[in-house]
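Work through the exercises below with the sequence and the model open beside you, and try each task before you read its solution.

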Amino acid sequence: MAAGTKKVSLIRKTSKTFLWISLVLMLVSTIALYFYVRYLLQKEVEEELRSTEARIENVISGKGLIYQLAPVVEIKNVSVLGTERFKDTVIFDPSQNEMEEFRELSTYSEINGKKYNITVRALIVESEYILIAIMASYLIIIALVFIFFFYLNKSGNQRLWHPFFRNLEEMKGFSLNSEKPVQLVESDILEFSELNTVISSLTDKVRSDYKNLKQYTEDVSHEMQTPLAIIQAKIENIINGDNLNDIQYEHLTSIQQDIYRLTQMNKRLTLLTKIENQQFANPEVLNLNLVVKKRIQNFNEIFPDKIKFEEANILEVLMDHYLAEVLCDNLISNALKYSAEKKAITISIGHKTLMVSNQGEAKLQNPEKLFTRFYRETSHIKSTGLGLAIVQKICDLYGYKPSYSFADHRHIFKVEF
Amino acid sequence: MKILIAEDEIELQKSMATYLERDGNICETASDFNEAMYKVDVYVYDVLVLDINLITGSGLDVLRELKNNHRDTATIIISANNSLDDKLEGLDLGADDYLTKPFHLAELNSRIKAVLRRSKFGGDETISFNEIHINTRSRTAYIDNKPISLTRKEYDLLLFFITNKGRVLSKEIIAEHLWGDSSDMVDNFDFIYVHINNLRKKLTDAGAKYIKTAYGTGYKFMED
């Protein structure tokens with residue numbers, strides 16, 4: 001489907017189609033009826049005129065009497081016979097004292113050797129009224145039928161599609177983390193029943209795949225701990241043994257560092273999984289200023305005077321305390337690690353924002369990848385590549401917005417709460 | 001000191017025993033659940049180092065059994081699982097400390113000594129190394145009975161050195177001991193030099209020159 005297509009609900013769409021079709025049908029049938037009834041009425045008037053004319057001829061041939069009853073009957077003696085014709089005409093009617101529309105039959109006949117032009121007229125106002133009355137009743141009836149059908153159709157559709165809509169809502173609420181399979185409403189409609197089967201098997205597959213993937217991550221991180229512990233313990237025993245030279249020691253401590261990195265990566269992956277599993281379900285109202293101050297204190301023991309803190313106001317957030325610490329730690333340590341020339345970093349709290357900035361030379365090349373797992377802008381700094389991914393996950397969990405920008409030779413990481 | 005190491009990974013069990021025996025401790029080992037249950041029932045230990053995931057059973061059950069019989073045995077749980085629930089359950093059952101794998105043996109050693117201080121001496125013990133005396137309750141150090149002023153981290157560092165005296169300690173081990181999880185917030189451990197140098201200077205000024213350099217970048221706390 002083309003992007004940007006306006007979406008219409010199913011019921012509305014079918015109602016709309018019904019509406020249009022009915023409207024066209026109504027229009028066509030009304031026009032057709034109008035012409036047909038008019039034709040019938042005209043025929044009727046003409047029949048009447050003919051029969052009147054025949055009677056007049058009878059009277060003339062019987063009694064030789066010529067009478068006038070203008071404007072309804074006019075008889076004239078003529079020398080030449082013309083052709084018979086019907087026409088509509090407007091004549092002043094003295095009885096009504098106004099111009100009236102008449103249907104007129106003008107015939108010529110020769111009776112008893114004399115030539116006559118007999119003109120008979122009938123008022124057609126009456127038949128117009130009848131026509132209007134018929135059309136009006138027709139319109140009213142058809143409109144009522146239409147309205148009735150419209151609602152019948154709509155409620156019928158609603159009932160028909162009910163299982164579909166229920167299942168759609170159920171699907172919207174579908175979560176990968178959910179322990180229960182989706183609860184679909186059964187339907188006696190074949191297609192819906194098939195759809196249910198397909199949806200059930202798809203969601204079951206997705207859930208089991210997701211579960212396996214999670215289990216895999218957990219298992220791998222978990223199972224790696226013991227071998228790592230063995231390696232670490234052995235290295236420590238070797239270091240404390242005899243006959244070691246400086247170069248061997250260098251190698252061994254370098255292995256220790258890598259074990260440490262692996263361990264940290266494990267811990268962080270486990271943390272990511274835990275956040276995804278929503279295992280941090282103890283949100284509390286926190287004074288973020290205090291949390292930041294506490295974290296700065298912690299960092300100051302390692303790097304004294306490397307962090308400036310500016311607080312414009314008190315920022316209170318509703319989140320898990322541990323995750324708040326992790327969020328601050330990751331942003332701060334990221335800034336410290338990458339600050340050019342090891343210059344001091346700045347943390348500032350503003351209206352619903354937390355900003356951490358550090359010295360830098362140029363804007364990062366791929367800022368959009370910054371918050372993804374295992375993305376590193378440079379390789380010469382040892383990192384797990386998970387710090388900002390964790391920041392992103394925590395923000396996702398609570399609906400915060402993390403962003404990166406570069407200004408005045410500073411990399412700025414901002415979180416909007 | 002009599003220590004029982006209940007750990008089903010034999011290599012890890014042996015490494016721990018090797019490290020701890022050097023201080024003159026007697027280490028016994030249990031390689032599965034039944035052996036661990038049997039030993040805690042029959043013998044008395046000062047310390048139990050307990051893996052929570054023994055192949056044939058849960059270390060928590062061993063802990064329950066132990067606490068029924070010998071309440072005084074200090075216990076340290078080691079686990080591959082970093083979950084808080086396990087930790088809390090273990091501590092609730094009476095474990096004294098909890099270490100997540102992988103851990104440094106020097107760290108294990110220092111934790112064992114700390115839980116022993118707490119359980120046997122009520123936390124009020126003086127640790128001594130020649131003329132250095134540390135009062136662990138007031139967290140102060142004395143050299144020749146004169147108090148020396150140390151920062152919190154310097155005090156922790158000195159205590160760590162003394163409990164692991166004669167051992168080579170790399171800056172990685174020291175950083176992890178002092179800062180725990182926060183230590184991974186930095187990209188290298190060079191910051192540790194500053195703290196060690198400060199401590200070394202304070203000790204040397206008071207005549208205690210025990211912090212030696214080992215293999216260029218490591219440290220060892222020992223007499224000449």
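**Exercise 1.** Which residues touch the most other members in the largest nonpolar core?

Solution. The model is a predicted one, and its largest nonpolar core holds 90 residues. Within this core, A:Ile332, B:Ala6, B:Met16, B:Leu48, B:Val49 and B:Leu50 touch the most other members. The next step is to ask which element supplies the largest share, and this is helix 6 of chain A, with nine residues. Apart from this core lies another one, of six residues, including A:Val45 and A:Ile118. Finally, take B:Ala6 by itself: leaving out residues up to four places away in sequence, B:Ala6 touches, among others, B:Ala30, B:Leu54 and B:Val62.

**Exercise 2.** Find where the buried and the exposed residues of helix 5 of chain A lie.

Solution. Begin with the helix itself, which runs through residues 288-302 and reaches 22 Å from its first C-alpha to its last, close to the 21 Å expected. Its buried residues are A:Leu288, A:Val291, A:Val292, A:Arg295, A:Phe299 and A:Ile302. Because these cover an arc of only 95° around the axis, they lie on the same side of helix 5 of chain A. On the other side, A:Leu290, A:Lys294, A:Gln297 and A:Asn300 are exposed.

**Exercise 3.** Describe the side of chain A that touches chain B.

Solution. Count the residues to start with: the contact takes 35 from chain A and 32 from chain B. On the chain A side, helix 3, helix 4, helix 5 and helix 6 each give two or more residues, and helix 3 of chain A provides the largest share, 12 residues.

Note on methods. Residues numbered from 1 in each chain as written. Chains lettered and ligands numbered in written order. Predicted model: local features only at pLDDT ≥ 70, side-chain atom pairs only at ≥ 80, totals over all residues. Helix = DSSP H or I, 4+ residues; strand = E, 2+ residues; numbered from the N terminus. Expected span 1.5 Å × (residues − 1). Buried ≥ 20, exposed ≤ 12 C-beta atoms within 10 Å, placed from the backbone. Arc of directions from axis to C-beta. Contact = placed C-beta atoms within 7 Å. Core = buried A, V, L, I, M, F, W, Y, C linked by C-beta atoms within 7 Å.
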